[in-house]
Amino acid sequence: MIIETLSVFPHVFSPYLGASIMGRAQARGIFSFAAHDLRDWTHDRHRTVDDAPFGGGQGMLMKPAPVFEAVRDLSARGGCAPRVVFFSPCGSRFDEGVAARLSRERRLLFVCGRYEGMDERVYGLADDVLSLGDYVLTGGELPALVVIDAVVRLLPGALGDEMSARDESFSDGLLEYAQYTRPADYDGLRVPEVLLSGDHGAVSAWRRKSAIERTARWRPDLLAGAGLVEDEWELARRAMGKGRDPRDPGNGDSATGGE
């Protein structure tokens with residue numbers, strides 16, 4: 001996969017994407033990354049990318065011309081056109097399903113806004129406009145890094161263990177089960193005995209139960225899409241506490257969060 005960003009702060013990406021799992025995935029050739037400076041598509045001495053909004057108002061907007069020129073130029077390069085992704089508070093909410101869809105693309109270009117936003121006309125260039133949730137950030141660089149991380153983790157070989165991504169939160173509609181490591185007893189807090197038993201079937205059943213209980217407590221809004229059977233719904237009800245119904249769509253709030 002080819003991943004590119006377009007930003008007025010192109011230097012912010014490499015430190016993160018060169019470290020840990022992201023860095024190893026690049027080294028193995030699982031994806032390549034390039035950060036482009038939007039100012040390279042300006043034509044004045046000051047390399048201006050913003051201007052005051054028509055009609056007045058606070059702050060500055062990113063001008064349309066550099067964005068149009070950059071996206072068109074970059075899209076014409078290489079063997080395939082990229083899927084172009086913008087970020088905006090009014091975009092579609094990013095989730096694991098979107099990450100999975102994007103992970104099947106050959107090339108992605110993330111366009112990162114700044115200041116008070118972007119001239120509305122540039123969104124016509126977008127194949128996707130995404131939001132991490134109902135809040136505002138100072139720019140699109142952090143959302144781009146979040147999406148890139150989530151996408152790269154789903155690429156074959158990126159995690160080393162092909163089962164890793166399958167076992168994580170949201171892979172089956174539930175939060176991930178609770179996990180423990182050594183020591184088995186820390187300050188009187190013991191690891192569940194089943195995890196020490198060596199009985200793989202019992203461990204698997206315990207993990208399913210743990211995932212349902214954690215989801216019921218922290219993200220009950222996910223339960224409706226998790227394919228629970230009747231006894232699992234009862235387990236969820238007990239985990240939520242007396243007087244709460246896990247099948248009530250009003251229980252819990254979705255965790256949201258983006259530019």
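Student: Is serine 103 buried or exposed, and what is its relative accessible area?

Tutor: Buried means under 20% relative accessible area, exposed over 50%, and partly exposed in between, with a 1.4 Å probe and protein chains only. Serine 103 has a relative accessible area of 17%, so it counts as buried. Before we go on: this is a predicted model, where local features need pLDDT of at least 70 and side-chain atom pairs count only at pLDDT 80 or more, while totals for chains, interfaces and linings use all residues. Residues are numbered from 1 along each chain as its sequence is written, and side-chain values use heavy atoms, leaving out hydrogens and water.

Student: Where does serine 103 lie, and which residues is it in contact with, leaving aside neighbours within four places in sequence?

Tutor: Contact means heavy atoms within 4.5 Å. Serine 103 lies in the loop between α4 (96-102) and β6 (107-111). With those sequence neighbours set aside, it touches Met1, Val151, Leu154 and Leu155.

Student: How many helices and strands does the protein have?

Tutor: Helices (H or I, at least four residues) and strands (E, at least two) are DSSP runs, numbered from the N terminus. Here you get 7 helices and 9 strands.

Student: Val151 came up as a contact of serine 103. How many of the 12 residues of α5 are buried?

Tutor: α5 is mostly covered, with 10 of its 12 residues buried. Val151 is one of them, and Glu141 and Asp149 are also among them.

Student: What does α5 pack with?

Tutor: Look at α2: its buried residues pack against α1 (14-17) and α5 (141-152). Those buried residues of α2 (residues 20-27) are Met22, Gly23 and Ala25. They cover an arc of only 160 degrees around the axis, so they sit on the same side of α2. The arc is taken from the directions from the helix axis to the C-beta atoms.

Student: Which residues of α7 are buried, and which are exposed on the other side?

Tutor: In α7 (residues 230-240), Glu232, Trp233, Leu235, Ala236, Ala239 and Met240 are buried. Their arc is only 155 degrees around the axis, which puts them on the same side of α7. Glu230, Asp231 and Arg238 are exposed on the other side. As for the cover over the buried residues, it includes α6 (200-218).

Student: What happens just after α7?

Tutor: Check the backbone there: glycine 241 takes a positive phi of about 105 degrees. Just after α2, glycine 29 has a positive phi too, of about 80 degrees.
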